[in-house]
Amino acid sequence: MKHNGFNVSEPMVFGIGSGLLFCYIPFLKVNHAPVITYRALPGHIFKKFAKRTGIKMKREKFSNPKDAKARLDENLERNNPVGLQVGVYNLLYFPDEYRFHFNAHNMVVYGKEGNRYLISDPVMESVTSLSEKELEKVRFAKGAFAPKGHMYYPISFPEKLELETAIVKGIKDTCKAMLAPVPIVGVKGIHKIAGLIRKWPKQKGIKTANHYLGQVVRMQEEIGTGGGGFRYIYAAFLQESGKLLNNEKLVELSKEMTEIGDLWRDFALEASRIYKNRSRSVGSQTDSYNKVADQLDHIADLEKVFFKKLKKAI
Amino acid sequence: MKKKEVPQDKSNLESANFRELCYAVDENGEYTTENSSGWEPKTVALKNAIEEINERIAEAKNRVIAGETSPIEYYMELHKMDVGILASYVGFWHWKVKRHFKPSVFKKLSRKTLNKYAEAFDISVDKLKSMSLEK
């Protein structure tokens, strides 16, 4: 964003793009464990952000890697940075332990030197690069949410970004999603997971249950979440918006969101005690599973109240 | 989370020169960012997941040696894949990939088919067939 002379913070993009979400995705398994997400797919966040602020973005997917490369080169020649959705497994600069078949990772390519692409990856402290072949491999990773060369880039900007109206739209959309009457989404989704967690030790055995619970924590605290399943970054957005809109209520709600974020961290800490200690009996493990499930139910109740208040605050 | 509470636990991030960006509030309640070197609950979850994968790989290896499955399954586990992911990389149906796990079927696979698997695993066909089962 800064490239085109607009200074917009990461929480701002996340908030306006309605990034916050909670969704349990049934039937899908990654790394042999169930999947839940704490955010929307980054492509969607950008799409919503752009639409609400008046930026025109172009999004493209490709079936042929050659076309995908040609379009990328074309943009870079015009000095136009491009966002790419990629798979993590073949990203060579990732530590081995982090290379899973996860396809919803995003990066920005901002230039090309010889046959190496210059890359800014949000999880890296400094910029990095990939060869043509390496980049093609991650752009055409296979599996769930296969990126299919997905790329997006701005084609025109408004004179001035209309942040105020965009913020209101973004918040409303998030409240709607979090309070949606769908059993696997938002607050209801959190209750659903809590219910599943209660069943795991008996239904799947301790080993699998621990593995599943570990995955829940890893998704919540993944690199790039800013901690607490994106709750902190959302609180940062509310604080910034509250000041911008002169809305004291949003600043107050930001504090509340921070506290909810802390509860998510507590849940992760409690959950980690379970899977760290693998030798306990089934009985005591079932109790601890019930305990973390209670924590989740509590968080869900708080978030329900929170998003109702948030809806009224704007 | 307060800025000074951002965890700085030991993790394998350091070796790769990685640090995580966390959002936290400073003394005045203002949001800011702070780098974290890792957080134990997460490191343990990751460690357990890696152990689990290593167990799966070792088990697949034993089954290949015992003649119960083909090297395809071993390499699939080695690359942290499941049947669905492997199937989409090689362009076959699930059931077909599973059939190729049978040593008797594996022996009769054409060079073309083997090549698809070899490409997905980034190894040579000879290596795939050799049963040497290296990393």
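The crossing of α5(A) and α7(A) is left-handed, a word used when the near helix is turned anticlockwise from the far one by less than a right angle. This is a predicted model, in which local features need pLDDT of at least 70 and side-chain atom pairs count only at pLDDT 80 or more, while totals for chains, interfaces and linings use all residues. Residues are numbered from 1 along each chain as its sequence is written, chains are lettered from A in the order in which they are written, and side-chain values use heavy atoms, with hydrogens and water left out. Helices (H or I, at least four residues) and strands (E, at least two) are DSSP runs, numbered from the N terminus.

**The helix pair**

- The axes of helix α5 (residues 163-178) of chain A and helix α7 (residues 231-244) of chain A come within 11 Å and cross at roughly 140 degrees, where axes are lines fitted to C-alpha atoms, for helices over the stretch in contact, and angles run from 0 to 180 degrees between N-to-C directions.
- That angle makes α5(A) oblique to α7(A), since angles under 35 degrees count as roughly parallel, over 145 as roughly antiparallel, 65 to 115 as roughly perpendicular and the rest as oblique.
- Residues in contact (heavy atoms within 4.5 Å) include Ile167(A) and Ile171(A) of α5(A) and Phe237(A) and Leu238(A) of α7(A).

**The sheet and the helices on it**

- In chain A, 6 strands form an open sheet in the order β3-β8-β4-β5-β6-β7, with antiparallel pairing; two strands pair if DSSP finds at least two bridges between them.
- The strands β3 (56-60) and β7 (128-131) of chain A stand at the edges, each with a single partner strand, so one side of each is left without a neighbour in the sheet.
- From one strand to the next, the twist averages 35 degrees.
- Strand β5 (residues 105-113) of chain A is joined by 5 bridges to strand β6 (residues 116-120) of chain A, and Gly111(A) stands opposite Leu118(A) in β6(A).
- Helix α3 (residues 65-77) of chain A lies across β3, β4 (82-86), β5, β6 and β8 (151-156) of chain A, and runs at about 65 degrees to β5(A).
- Helix α4 (residues 132-139) of chain A also packs on the sheet, and its direction makes about 90 degrees with that of β7(A).

**Ser131(A)**

- Ser131(A), which lies in strand β7 of chain A, is buried, with a relative accessible area of 15%; buried means under 20% relative accessible area, exposed over 50%, and partly exposed in between (1.4 Å probe, protein chains only).
- Not counting residues up to four places away in sequence, Ser131(A) touches Asn115(A), Arg116(A) and Tyr117(A).
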